[in-house]
Amino acid sequence: MNVRAGSASDIGQVREGNEDSFLVLAPLYVVADGMGGHRGGEVASSLALETVQRMFQAQQGTLAEQVTEANKAVFERSQQDRSVAGMGTTLTAALVDGDRVHLAHVGDSRAYLLRGGELSMLTEDHTLVHRMVMEGEITEAEAETHPHRSILTRALGVDPSVQVDETDVQVASGDRLLLCSDGLTGMVPDGQIREILETTSDPQDAVDALVRVANRAGGIDNITAVILDFDEGGIERSDTTEAQVPHQATVERTAPRVEPPRRSDITVVGVPIPEPPPKARSRPPVRADSRAPARRGRGRRVGIGTGLTVMIGVLAFVGLRGYLDSQWFVGVSNGRVAIFRGIPAEVAGIGLNSVVVETSIPAEDAQALPFYRELGDGITAPDREAADAIVQQILDDVASAQPAGS
Ligand code: MG
């Protein structure tokens, strides 16, 4: 099977750097989308690809093992270098082997197959909204516009180990494979991607067209696309043989401007979300602390000492379980900022909460800031969405507090 590839990575319209990287190293093709404040994203995505490339060229391990090693490399770097702490990256890789393509995938970059005019997605997004769709909490349509659609449930480099999705696809002559970052899929609907893939025969022209359309739609994120065209014909086509890890675009910082919506650097660390209680949320809101939702996500602490007695009284009426399941707060778990269900208190030594997600944000970074000093006591939130917003706010505040130029 001959493969013709096209590839492009673009900074987009609003970002100040390109945190995406890609690798075209026939028969291996990879896209990675980094995240993390202060160049962390660029370091994460390029380090991941360098690791995969090095092992691939040395013929070490399977594709999944190479990705696992990339996870370790990014994680270790982020542990050693404070300026990139908490960084991570998505990674979607395709290794062509005859008429089979092995895919390895972590995060929300995607692989699609165009066959007979039909576009099908070959990867599953490791995002919070995808999980919410799976659990029936929101619809696919709601997921597309959800404010937290970029929150990842899995990424490379945030934990010492990572689960890598693997898929094998049989390809035939005429098939076209697309690997891309969410800067494309977040801006351009699948229908339009399909149309461009269907009507633009040259793979390089097609990736260029995809990038153009994403930029025209706003280009709020970095855009990366790699296309592989499969052809059984006898004509040997030259593959691109050298690695193309895009250099990190550098754009001079100009006047401060309004931050565009951007990928959240929150990574949920493999803690399963407990089954939502049946209709717990439809109960009338009973809260001992019924203050307004956190202003701009910066929540306030619940007054545990004063409220507890009242609260226990309330619990007796409402039913402990249902009540706790409808409560949320942001606190600290294993040294990281985490979202809890329940209340930040215990009765007779029994905790009245459970961790729902543990982010990659070190709690000490947050607690170094005056407004989060008592994060350990918990910041209450009226619902899950508000808890996510608080975490986002913490992340933004931590990121902007990082000394620039370190
Ligand atoms: Mg992106």
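## Metal site and cavities

In this predicted model, the magnesium ion has as its protein donors Asp33 (OD), Asp182 (OD) and Asp221 (OD), which lie 2.1 to 2.2 Å from it; donors are N, O and S atoms within 2.8 Å of the metal (3.2 Å for Na, K and Ca), and sites may look incomplete because water is not among the atoms. Residues are numbered from 1 along each chain as its sequence is written. Local features need pLDDT of at least 70 and side-chain atom pairs pLDDT 80 or more, while totals for chains, interfaces and linings use all residues, and side-chain values use heavy atoms, without hydrogens or water.

- The spacing of the donor residues in sequence is D-x148-D-x38-D.
- Asp33 belongs to strand 3 (residues 28–35) and Asp182 to helix 5 (residues 182–185), so this pair ties together parts 149 residues apart in sequence; helices (H or I, at least four residues) and strands (E, at least two) are DSSP runs, numbered from the N terminus.
- Both Asp33 and Asp182 are buried, that is, under 20% relative accessible area with a 1.4 Å probe and protein chains only.

**Largest cavity**
- The space in the largest cavity is about 220 Å³, where a cavity is a set of points, on a 1 Å grid over the protein atoms alone, at which a 1.4 Å probe fits but cannot get out, and a volume is the space filled by probe spheres set on the points.
- Among the 16 residues lining the largest cavity, Gly37, Ala85, Leu395, Val398 and Gln402 are the closest to its centre; lining residues have an atom within 4 Å of a point.
- Strand 14 (350–362) and helix 11 (384–401) each contribute at least two lining residues.

Notes:
1 Å grid on protein atoms, 1.4 Å probe; cavity = no way out; pocket = protein on both sides within 12 Å on 5 of 7 lines; lining within 4 Å. Buried < 20%, exposed > 50% of the residue type's maximum accessible area, 1.4 Å probe, protein only.
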